[in-house]
Amino acid sequence: MILFFSGTGNSRRAAQLLADILQDQIEDAFPYLRRGQAPQLYSDAPWIFVSPTYAWRLPPVFETLLREGRFYGSKRAYFVMTCGDSAGNAASYLESLCDHMGLVFRGLLPVKMPENYVAMFPVPGEAQAKPILRRADKALRQAAEYIVRQQPFPVVETGWKDKLLSGPVNTFFHGVLVKDKAFFSTESCTGCGACVQLCPVNNIMLREGKPVWQGRCVHCMACICGCPQKAIEYGKKSVGKPRYQCPPWKGSAPAEGGSHDQEAL
């Protein structure tokens with residue numbers, strides 16, 4: 001089974017592609033997060049957890065969901081993390097997480113995808129994103145081959161910089177920078193409520209027809225990138241930047257390597 005968390009679609013696409021190739025079941029973490037409900041799931045096939053990289057680690061909201069959930073059946077766990085540059089030293093934290101979950105860590109595959117963090121970094125336009133997605137699709141096909149062969153993902157080499165990024169920098173990022181006070185709606189806002197529905201942690205409400213953020217933001221960028229009117233800004237940092245939404249995977253069969261028999265897993 002593939003369980004994924006996604007704000008703007010990168011990890012959703014990765015999960016959909018893997019599910020298509022492996023003919024595996026796919027489960028979205030979104031409804032569990034919205035309801036505050038820990039998942040209780042069963043899978044004969046290896047667990048595949050797909051998630052974006054937040055400050056060179058698993059997003060805290062997704063990690064908490066995994067820690068509180070119950071995962072029965074297979075004991076093998078693969079992690080795929082979409083990222084703009086790297087996943088740092090995330091693998092060491094994932095190994096500890098698997099120990100807590102009673103699963104066997106089978107490796108981490110960082111997959112570079114188009115940058116979506118409009119609150120801090122440059123975001124590519126559609127033309128720039130396409131070649132990045134093509135390379136990501138190829139990497140995901142290779143990931144599927146490892147899973148089919150029951151092999152762990154290749155070990156990601158890390159150094160002191162990776163440990164710094166996934167350690168102190170990650171702590172600083174979530175403790176100091178992940179705030180929602182800078183979000184606001186412009187005059188283009190129609191009060192449609194899309195941002196309310198898109199927020200995975202129920203952090204947005206409409207007040208007098210305008211969105212108000214409640215202080216529990218996880219910086220998934222779903223609201224600002226998913227607004228149909230592009231009427232949300234994050235202070236001055238997002239002004240003039242594209243609003244990135246990754247298109248869903250629409251394939252029906254693996255382009256390389258033929259089909260795979262999931263029962264072999």
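Visitor: In this predicted model, at roughly what angle do the axes of helix H3 and helix H4 cross?
Guide: Helix H3 covers residues 60-68 and helix H4 covers residues 90-101. Their axes come within 9 Å, and the angle at which they cross is roughly 30°.

Visitor: Is H3 roughly parallel or roughly antiparallel to H4?
Guide: Angles under 35 degrees count as roughly parallel, and these two axes cross at roughly 30°. The orientation of H3 relative to H4 is therefore roughly parallel.

Visitor: Which residues of H4 make the contact with H3?
Guide: By class, the contact of H3 with H4 has three nonpolar, one polar and two charged residues. From H3 come Glu63, Leu66 and Arg67, while H4 provides Leu97, His100 and Met101.

Visitor: What is the volume of the largest pocket, and which residues are the closest to its centre?
Guide: The volume of the largest pocket is about 480 Å³. Of the 31 residues that line this pocket, the closest to its centre are Thr53, Tyr54, Ala55, Glu115 and Tyr117.

Visitor: Which helix gives the most to the lining of the largest pocket?
Guide: The lining divides into 17 nonpolar, twelve polar and two charged residues. Helix H1 (10-22), strand S6 (76-83) and helix H6 (160-177) each supply at least two residues of it. With four residues, the element that gives the most is H6.

Visitor: What is the radius of gyration of the protein chain?
Guide: The chain holds eight helices and eleven strands, and its C-alpha atoms fill a box of roughly 55 × 35 × 35 Å along the principal axes. Because a compact globule with 265 residues would have a radius of gyration near 18 Å, the value for this chain agrees with that expectation, at 18 Å.

Key. Residues are numbered from 1 along each chain as its sequence is written. This is a predicted model: local features need pLDDT of at least 70, side-chain atom pairs count only at pLDDT 80 or more; totals for chains, interfaces and linings use all residues. Side-chain values use heavy atoms; hydrogens and water are left out. On a 1 Å grid over the protein atoms alone, a cavity is a set of points where a 1.4 Å probe fits but cannot get out, and a pocket is an open set with protein on both sides within 12 Å along at least five of seven lines; lining residues have an atom within 4 Å of a point. Grid points are joined across faces, edges and corners, and a volume is the space filled by probe spheres set on the points. Ala, Val, Leu, Ile, Met, Phe, Trp, Tyr, Cys and Pro count as nonpolar, Asp, Glu, Lys and Arg as charged, and the others, Gly among them, as polar. Axes are lines fitted to C-alpha atoms, for helices over the stretch in contact, and angles run from 0 to 180 degrees between N-to-C directions. Angles under 35 degrees count as roughly parallel, over 145 as roughly antiparallel, 65 to 115 as roughly perpendicular and the rest as oblique. Contact means heavy atoms within 4.5 Å. The radius of gyration is taken over C-alpha atoms; the globule rule is 2.2 Å times the number of residues to the power 0.38.
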